[in-house]
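Hi,

Here is the structure I promised to pass on. Have a look at it first, and my notes on the salt bridges follow below.

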Amino acid sequence: MIRPPLAVLVAALAVPAVAQEATLDMGRERTEAFISGDLEPIWDEMTPQMQEGLGSLDDFSAFHQQIATELGEETAILDEEATTEGEFSVYTRIGEWSLIDSPIVMEWSFDTDGMIAGFFIQPQPEAAPSARLDYETRSELRLPFDGEWYVFWGGRDIADNYHAGDPAQRFAYDFVVKDNGQSHAGDPQQLENYHCWGREILAPADGQVIAMVNDLPDQPIGETDAENAAGNHVILALAEDEFAFLAHMRQGSVTVQRGQEVARGDVLGLCGNSGNTSEPHLHFHLQTTPDLMDGEGLPAQFQNYEADGEPIARGEPVRGQAVAPASS
């Protein structure tokens, strides 16, 4: 995920998930405590990384006062859920507040001991307006990998795809590989323990390499490189005003050069963890220009793939699906 800055706060290391019901209970309890201003127990349950990120209990209290001043009080709960994002157990609550018209999202992340490893509160983002909603991909796209991958973020709605708030990444995807519901096996701090680590990333269509980066380090889990958001990556010109971005590749693994012509299915590099990324994965999107910061996102309709075992002739994967190129 080529990640934008977080609105308030996230500070944590990847950890195994706790049970869903426990996550709901813990999230509700911490939310009610935060709203009521009972902050000291919350502070005591934060990981050292969280406390370091906040500064002090006084700083946390000042933040709470700012929220109360700007948002008022929660007047209704619109939705709540417990999910696993990466290696975190996450409680998300969407509510109405008295001083702002937009719904407010509050999110808590917990480690295996129930400690608070991440927290933010912000207005619910909206999908960026787009004049390309009816766009039909000109290239004959295949999935940019072999084997089964999981759509971590993907879809047209902000709930399924946080990228949708960014005009250039309006229809972007993040793909990981899961086994037994997890993106890794063993120690989550070791990059090589992630199932997608080192997997081949393939050209989604015939095209020309417009840009590539190959020398950035893979980030340790818990660290990111915001200055080089895409990390090691390849940008392909596929058709007129149709450019593909494939990001977060492993250092030294990119196999193509600028100006090179590639064929559909050619190896571009290996999946890594370079750039502004929380864990090894592939970021993919189409847009109208080769400039990440200046372009309009385009829908990507892939051809001849399977989604949750069902054949799809042409379609757009969505969050939560397991997808793979169709068996020949």
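E45 is partly exposed, at 25% relative accessible area. Keep in mind that this is a predicted model. E45 sits in the loop between α2 (40-44) and α3 (48-54). Leaving aside residues up to four places away in sequence, E45 touches R30, M115 and I116.

The contact with R30 is a salt bridge, 2.8 Å from N to O. E45 is in the loop between α2 and α3 while R30 is in helix α1, so the pair ties together parts that are 15 residues apart in sequence. From C-alpha to C-alpha, E45 and R30 are 9.8 Å apart. R30 has 8% relative accessibility and counts as buried, because the cut-off for that is under 20%.

**Helix α1**

Helix α1 covers residues 20-36 and spans 24 Å from its first C-alpha to its last, close to the 24 Å expected. Its buried residues include T23, L24, G27, R30, T31 and F34. After the helix comes G37, with a positive phi near 90 degrees.

**Other salt bridges**

How many salt bridges does the structure hold? The count is 9. One joins R28 and E80, with the closest N and O atoms 2.9 Å apart. That pair links R28 in helix α1 to E80 in strand β1 (residues 74-85), 52 residues apart. R28 is partly exposed at 32%, and E80 is partly exposed at 28%. D25 joins R28 and E80 in a salt-bridge network.

R156 and E316 also form a salt bridge, at 2.8 Å from N to O; these two are 160 residues apart.

Cheers

Conventions. Residues are numbered from 1 along each chain as its sequence is written. This is a predicted model: local features need pLDDT of at least 70, side-chain atom pairs count only at pLDDT 80 or more; totals for chains, interfaces and linings use all residues. Side-chain values use heavy atoms; hydrogens and water are left out. Helices (H or I, at least four residues) and strands (E, at least two) are DSSP runs, numbered from the N terminus. Buried means under 20% relative accessible area, exposed over 50%, partly exposed in between (1.4 Å probe, protein chains only). Contact means heavy atoms within 4.5 Å. The expected span of a helix is 1.5 Å times one less than its number of residues. A salt bridge is a side-chain nitrogen of Lys or Arg within 4 Å of a carboxyl oxygen of Asp or Glu.
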